[in-house]
Amino acid sequence: MPTFRNLSNRAQEAELMDDFSTGGEELSQALKHLRRLNKLFAAPGPTKYGVQKLWKDMGSPKSLNILDVGAGSGDVNRKLLQWAADLGIDIRITLVDLTEEACDEAKNLFWREPRVQVKQADVRELPEACADIVTGSQFVHHFDGEELIDIVSHMLRASRHGVVINDIHRHAVPYAAVWLATRIISRNRYIRHDGPLSVAKGFTGADWRELKRALNHPSMTYTWKPLFRYAVVIPRNRT
């Protein structure tokens with residue numbers, strides 16, 4: 001059974017994937033297994049919800065440029081590609097990650113998809129207003145305190161219309177569910193260690209309210225979505 005954790009506050013310890021001095025084949029395998037977890041827990045849904053909300057606020061344009069930061073292999077974007085195709089939207093998605101392994105996995109996953117590009121980069125070094133919408137799925141829980149505020153501020157700066165954050169709900173039920181699922185689908189140490197820890201590093205409504213206050217951004221919204229996730233939408237223009 002999962003090790004008992006006090007989930008009243010966000011966990012502070014780093015995930016194995018945060019150590020950029022390691023990686024290689026074991027990390028590449030972990031990214032493949034993570035795609036299975038994302039499918040199991042309906043991970044793409046909150047990203048689609050947030051993007052659609054901002055897209056409507058933009059006036060439902062027929063072209064859309066998305067920048068997904070900390071993208072990993074970028075698999076959550078397949079739902080966005082299908083959504084855009086269904087509505088006749090000319091969508092372009094750029095997947096950005098710091099690690100070579102993640103970029104390689106993304107290139108392998110989308111090698112036949114001309115609407116997707118992959119870039120190895122740091123969100124803090126991206127130009128201002130370089131995409132209509134900047135997204136981050138299971139990305140911002142890697143940061144805390146002033147660093148979290150800084151990262152989200154850089155995401156906002158890189159967007160023209162706003163940011164969509166898709167991240168995990170810190171709660172005992174998803175913690176137990178992820179702990180069990182990681183042990184069923186994988187023997188990879190990244191998955192078994194980082195999966196449950198990511199829930200412990202996740203967010204509650206109180207955390208999102210604190211971020212909203214720290215950003216001084218009254219138009220930021222957060223909405224709980226299945227399974228065990230939040231869709232956070234932060235328009236670029238404050239109202």
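Which helix does Ala85 lie in? Ala85 is in helix 3, and with 43% relative accessibility it counts as partly exposed. Keep in mind that this is a predicted model. Across the whole structure there are 13 salt bridges, along with 5 aromatic pairs.

**Helix 3 and its tryptophan**

- Ala85 and Val51 sit 34 residues apart along the chain, and their C-alpha atoms are separated by 14 Å.
- Helix 3 (residues 77–87) also holds Trp83, which is paired with Trp55 from helix 2 (residues 44–57), 28 residues away in the chain.
- The Trp55 and Trp83 rings have centres 5.3 Å apart and planes at 85°, so this is an edge-to-face pair.

- Trp208 and Tyr230 make another edge-to-face pair, at 6.1 Å centre to centre with 70° between the planes.
- That pair bridges distant parts of the chain, with Trp208 in helix 8 and Tyr230 in strand 7 (residues 229–235), 22 residues apart.
- Trp208 is buried, at 0% relative accessible area. Tyr230 is buried too, at 8%.
- Zoom out a bit and you'll find Phe203, Trp208, Tyr222 and Tyr230 joined into a cluster by ring pairs.

**Charges over rings**

- Lys225 puts its charged end over the ring of Tyr49, 3.8 Å from the ring centre.
- Arg189 lies over the face of Tyr190, with 5.1 Å to the centre of the ring.

- As background, side chains of opposite charge can pair when their charged atoms come close.
- Arg160 and Asp132 form a salt bridge with their closest N and O atoms 3.0 Å apart. This one ties together distant parts of the chain: Arg160 is in strand 5 (residues 159–168) and Asp132 is in strand 4 (residues 131–137), 28 residues apart.
- Within that pair, Arg160 is partly exposed at 34% relative accessibility, while Asp132 is buried at 11%.
- Arg213 and Glu210 also form a salt bridge, with the closest N and O atoms 2.6 Å apart. Both residues belong to helix 8 (residues 205–215), and they are 3 residues apart, about one turn of the helix.
- Arg213 counts as exposed at 55% relative accessibility, whereas Glu210 is partly exposed at 40%.
- Asp122 bridges to Arg124, and here the closest N and O atoms are 3.1 Å apart. Asp122 is buried at 14% relative accessible area, but Arg124 is partly exposed at 32%.
- There is also a salt-bridge network that links Lys32, Arg35 and Glu105.

**Asn38 in helix 1**

- Asn38 is part of helix 1 (residues 25–40).
- Why is Asn38 classed as buried? Its relative accessible area is 5%, and the buried class covers values under 20%.
- Setting aside neighbours within four places in sequence, Asn38 is in contact with Ala43, Pro44, Asp75, Val76, Gln138 and Arg229.

- For context, most residues other than glycine have a negative phi, and most peptide bonds are trans.
- The peptide bond from Pro226 to Leu227 is cis, with omega near -10°. Leu227 itself sits in the loop between strand 6 (221–225) and strand 7.
- Ala129 has a positive phi, near 55°, without being a glycine. You'll find Ala129 in the loop between strand 3 (116–120) and strand 4, where it counts as partly exposed at 29% relative accessibility.
- Asn216 is another non-glycine with a positive phi, about 55°. Asn216 is in the loop between helix 8 and strand 6, and at 55% relative accessibility it counts as exposed.

How values were computed
Residues are numbered from 1 along each chain as its sequence is written. This is a predicted model: local features need pLDDT of at least 70, side-chain atom pairs count only at pLDDT 80 or more; totals for chains, interfaces and linings use all residues. Side-chain values use heavy atoms; hydrogens and water are left out. Helices (H or I, at least four residues) and strands (E, at least two) are DSSP runs, numbered from the N terminus. Buried means under 20% relative accessible area, exposed over 50%, partly exposed in between (1.4 Å probe, protein chains only). Contact means heavy atoms within 4.5 Å. A salt bridge is a side-chain nitrogen of Lys or Arg within 4 Å of a carboxyl oxygen of Asp or Glu. Rings of Phe, Tyr and Trp (its six-membered ring) pair if their centres lie within 6.5 Å; planes under 30 degrees apart count as stacked, over 60 as edge-to-face and the rest as tilted. A charge sits over a ring if NZ of Lys or CZ of Arg is within 6 Å of the ring centre and within 35 degrees of the ring normal.
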